[in-house]
Amino acid sequence: MSMTPLTATAGRLTSEGEPLNYLNNGHGLKSWLLTKDHKRIALLYLFSVSFFFIIGGIFALLIRINLLSPEGLFNPDTYNRIFTAHGIIMVFLFLVPAVPAVLGNFLLPIMIGAKDLAFPKINLLSWYCYVVAGIFLTVALIAGGIDTGWTFYTPYSTSYSNSNVLLAGVGIFIAGFSSILTGINFIVTVHTMRAPGMTWFRLPLFIWAHYATALVIMLGTPVLAITLSLMALERVAHVGIFDPAMGGDPVLFQHMFWFYSHPAVYIMVLPAMGVVSELIANLARKNIFGYKFVAMSSLAIAVFGFLVWGHHLFVSTQSIYLGIIFSFLSYAVAIPSAIKVFNWTATLFKGSISYDTPMLYGLGFIGLFLIGGMTGLFVAALGIDVHVTDTYFVIAHFHYVMVGGSLMGFLGGMHLWWGKITGRMYPEYWARAAMVIQFVGFNLTFFPQFILGYLGMPRRYAAYPPEFQVLHVLSTAGATILGLGMLITIIYFIWSLKNGERAPANPWGASGLEWRTSSPPPTENFLETPVVTWEAYEFAPIETMDVLGYPGDPGKPSQPVPAEHGTED
Amino acid sequence: MALIETETAPERIELHAEHHPHLAHHFESMEQQREAGTLGMWWFLLTEIMFFGGMFLAYTVYRHIYFDAFAAGSNVLSIWWGTFNTAVLIASSLTMALAVFHAQMGNSRKVVRFLLFTIILGTIFLRVKYIEYSDKFEEHVFPAGDFRWPIEHEANRPNNVGDMLLMLIGAEPLNSSPQGPEHAFSVKVTTKYAEKGPYYGVGGQVPEEVQDPGFGGHVRMYFWLYFAMTGFHALHMIIGIGLLLMLAWQARKGKFSREYHSYIELTGLYWHFVDIVWIFLFPLLYLVDRHL
Amino acid sequence: MIHHSLLAMSWMLPEQASSYAPEVDHLYEFLVGTTIFFCVLIFAAILFFFVKYRRRSSDEIPRPIAGSMVLESAWTIIPFIISLFMFAWGAKIYLQEYTIPNDALDIYVVGKQWMWKFQHPEGQREINELHLPVGRKIRFIMATEDVIHSFFIPAFRMKEDIVPGPNRYTTVWAEPTMTGQFHIFCAEYCGTSHSGMIGWVTVMNDRDYQNWLSGGAAEGSMADRGASLFQQLGCITCHRSDAQGQCPRLEGIYGKEQLMSDGQKVVADDSYIRESVLSPLAKIVAGYQPIMPSFQGQVSEEQIQELIAYIKSIGPPETTNATPGTMKGSTKISAPGSNPAAKPPIMTTGGATIVAPQTEKAQPAQLPQQTPGQNQ
Amino acid sequence: MSEHIVPKKIYYRIFGALLVGTALTVIFAFINLGNFNIVAALLIAIAKALLVITFFMHVKYSSRLTKLWVAVGFIWLFIMLAITMTDYLSRAWLVYRP
């Protein structure tokens, strides 16, 4: 079944005489809002996710502005609502969906040689869930905000807060559905829709990472859903499931909440790791060192990630024996991440390293994620965590992982595949400049916070003792630079849509199926079902890779690329 | 479920060659399509396991801490209704399985018949749940309402199959006078546990109003879990019945065939899962510390 | 390298004002050293490759390199061993931080939105101000009146959440090792003025501390106040010292195992007494009726603590008053009990009694009691 | 996973077994086994669930993959219950004894 009948898009031209692709095949709002094409849904996600990223970023800047002065510039209630909004939006509306729902949605089927995800309608529904969730949370914010922090700890959220906890709870509940639906699609698609010859160990590491992510999403998110439902019911009915006044135990809420919310960290960073594998490999024209170890470490992270939630409860009066177990497991989960970092570094050895923006982002990711990961060893150490938990040390740690990790990965991926997605290249010069600015700004923002944290500055403080001011001002300065860098990126991306030069099918001389279809790809990705005869990251001269996306001679079988050197270890 | 159906995107001009009419554009074969559907359904059920799992966790923790309160609450439920409903649900699982069997045989008429049986049994289950719920309201053990412990006035409980059948059609049970054995039983229950603590009524006020929740408060927590777990389960039943109705309709219109009946299989999986949840809920909620 | 990082960091550390603060910092410095080492290692490698192997011609395709089992196992095992070491070290300090010494001076802490309230056994009450003697082990017995708070003194490297609930005291300890003024923070977000829930701990040498104590104990010691409360609330009418009352006699029970009506043994510690005041029916002493009303809402957390101090003080002769030294006495009394749930009496954290196995297990049948103080 | 048709009589047998299981559950509930009441109840429930999964849901005839996922689902549930209960069981060791 290597050959299937051509779809109508094959070789057809639009009225403007351009080859028909997923962007110009069908026009008008309806063709977008009712599309079942994974690529168009990915774009819908791109717009909505970027929108909320900008909102969340504005809230971040407001936080930094407030902390310019020890007394705080806003009144505490406002500040509490600001950092809650920042947390909820960034976690549930940006970090969780960003990489999987945009890049994963767009690339996963193409990379495995499928025409679409297994359940296109469910895919579309997932985007609508996301939108509805976004609306709920936006309403909650406009109607006075939420002041519980994104963790919704009881009994504050159930009995004491006067803010829109219910609205937010419902919103996050629906957002959870959105990611569950995406997760089902990924798992099923990877299992059942790989092109002939695309064996498990020929899958790009991007796919492995997204597969692992989907596992975490599927097994974790429902617990968050039920936890928030119970919290909402508790807030309405006050029957005491989490309320100590009625014999309930607030720590039970923390257990249930973190059972999802710690694995959620891996939902956020695993896909970015997958992206980075692609960045490094393709821009060094080099097969990933120790492919199988990197692939398996993704699964290991997914599994171990579920066994460590209690390290958020070291001082929450949890049994200290359990605390010790959790600390041990937390160190265990650090190892797979270390393996990834070492392998990426080794991949550069004797490579052909391009200095283009995606590679810069890839290296930036390694650097920041390394620091984020190493400081993870600090907070996993019981004795130290007692001192630094709930301080800025933790804030800095997870921003190095989340922003330095997920965001760098997301932006790197956007640059690598921008041409594939939009058919236009971004301006290289500005992109490099923006990357460097962001890198500097980021470190200036968050490195001082490590010091602040160890000095004892607690998180979620609207005002603080004056001796911390210097470091806070530094941090705010960095945030401004970071924001500027982001602004540049957004501007030139939009600019390039019209003015960027047209992207060839394979601008990077990269390997991987997505580079063997035209940019942008036709509606069903390939003119014929590709037959994979090469290993993952097997690089060959571009001429020898024929492209299955052009209107050309569609009957031509994809000729196998000589594979004298496999990448098996 | 209809969402799992995947059809060709409207904005594209179709040119599929000799394909099964129900084969979606992006699949290579019916086989692949069936596989995808089944795997997707199983994964959906996995998320369901974890969803109910959260409530089972809360149940386990508080049953461990407040065992006697949970036992007291459990003893107030009618074991007759519980057992009856379990049997009904198991039977509905059987009819569902048979519906799938006939679908595989391509026997549409029998498919419709067994789907209808399943729907009827499911409806009976919900009817019983409705009766039980209204009893609990009447007895003031609905946790979010005017909760009282121990129960002062108790509702009719069936204590034989005849009673149950009568009550199913809304008639008065024959021998359920307040002096009936069931009443004595219930008195035994409440007195066994009454001295465990003072009762109080909280008309759904905020907990600040409650001084010492005491034993009654913990019984209240049991009933809260009872309503949450059975409520979510009933919700799944309702959704399932909706799906079955849709399938029965489509089957009657002859949509399904020996080659193409995956929705019936998938809905079957879902229905059986809901059955499994109940298989655990029954002993955990109805049978705590029954041996008086 | 580690020593370098030390010098560089000297201004990055808060004062080491408690006995275990230096230990925490040592581990911290070790971790910083390790981090710097690995970061330098990997950054250097990346930069070197980045320059050495830069792309020279647009169409060059380097020769693929298969992985290396040796390297993979090396950078799996070595980091694992290092992290095991970190884990063990961290756990050691953790146990130390939660191992309550027996000869500690009790300070009673109440967190409420948004202030810290302290009581000294000698009777001094403080708000957002805490005076402590240097070189004396301090045990903080903590409760909250509303949401979760977290008692955090950076200079002591000490932090512990205070979780609400009728049946839990959270206990944590520290031994101040230098005099001076240090921050007190609330580290668990607790609402509007979370950032206002801060204060100062003033550590003074013993003489100043004694002067300070003698300064302002107008209303007598906590025990005295507890005694008068014991009268006012009418506890005395049932809990009579001549054992003629309907309720257990409280003399000397503190720290001793009590037999409950369901056969389990419970040590009458602070948490137990507090629970008995707030939800008396949770545990019934063997041979007594569950007739005690709850005092929830009628006594403040401070008053409960005063009552506890009083009950401590009416112990056997050697613990006639609750001055710190005699804590030893009261601890001698209770060797680790035969309570199956009882491990050697070393550590504490909150949430203890809520999980005491089968708290309400079968109790003897009695007539339902109409009890005052319940809202029907 | 090729389609496997289960003979009708198996379905009826399973149905019978499930009813018997239900009856046993109720009977055991009225016998005082102390702490083993819950054990018995759960064991029977698990057996019943296994029957439904294996035959009604055709897992017996499904691919190893399906079997694996079913197992994963229940293992994860067990992880959540077990680890959290560890907390509640071992917190009780920590009561401070003055």
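Thr78(A) is partly exposed, because 15 other C-beta atoms lie within 10 Å. (Buried takes 20 or more other C-beta atoms within 10 Å, exposed 12 or fewer, and partly exposed lies in between; C-beta atoms are placed from the backbone.) Thr78(A) belongs to helix α3 of chain A. Thr78(A) and Gly144(A) are 66 residues apart in sequence, yet their C-alpha atoms are 9.4 Å apart in space.

The model is predicted: local features need pLDDT of at least 70, side-chain atom pairs count only at pLDDT 80 or more, and totals for chains, interfaces and linings use all residues. Residues are numbered from 1 along each chain as its sequence is written, while chains are lettered from A and ligands numbered from 1 in the order in which they are written.

**A helix pair in chain A**

Helix α3(A) packs with helix α13(A) at an angle of about 25 degrees, and their axes are 10 Å apart. That angle makes α3(A) roughly parallel to α13(A) (roughly parallel means under 35 degrees). The crossing of α3(A) and α13(A) is left-handed: the near helix is turned anticlockwise from the far one by less than a right angle. Helices are DSSP runs of H or I, at least four residues, numbered from the N terminus.

| Helix | Residues | Residues in the contact include |
|---|---|---|
| α3(A) | 76–111 | Leu95(A), Val99(A), Phe106(A) |
| α13(A) | 392–422 | Met402(A), Phe410(A), Trp417(A) |

Contact means C-beta atoms, placed from the backbone, within 7 Å. By class, the contact of α3(A) with α13(A) has ten nonpolar, three polar and no charged residues. Ala, Val, Leu, Ile, Met, Phe, Trp, Tyr, Cys and Pro count as nonpolar, Asp, Glu, Lys and Arg as charged, and the others, Gly among them, as polar.

**Where chain D meets chain B**

Here 35 residues of chain D are in contact with 34 residues of chain B. On the chain D side, α1 (8–30), α2 (36–56) and α3 (64–91) each supply at least two residues. The largest share, twelve residues, comes from α3(D). The chain D side divides into 26 nonpolar, six polar and three charged residues.

**A two-sided helix in chain B**

Helix α5(B) spans residues 161–168, with Asp163(B), Met164(B) and Met167(B) buried. These three cover an arc of only 100 degrees around the axis, so they sit on the same side of α5(B). Val161(B) and Gly162(B), on the other side of α5(B), are exposed. The buried residues of α5(B) pack against α3 (79–105) and α4 (108–138) of chain B. Just after α5(B), Gly170(B) takes a positive phi of about 85 degrees.

How values were computed:
Axes are lines fitted to C-alpha atoms, for helices over the stretch in contact, and angles run from 0 to 180 degrees between N-to-C directions. Angles under 35 degrees count as roughly parallel, over 145 as roughly antiparallel, 65 to 115 as roughly perpendicular and the rest as oblique. Two residues are in contact if their C-beta atoms, placed from the backbone, lie within 7 Å. The arc is that of the directions from the helix axis to the C-beta atoms.
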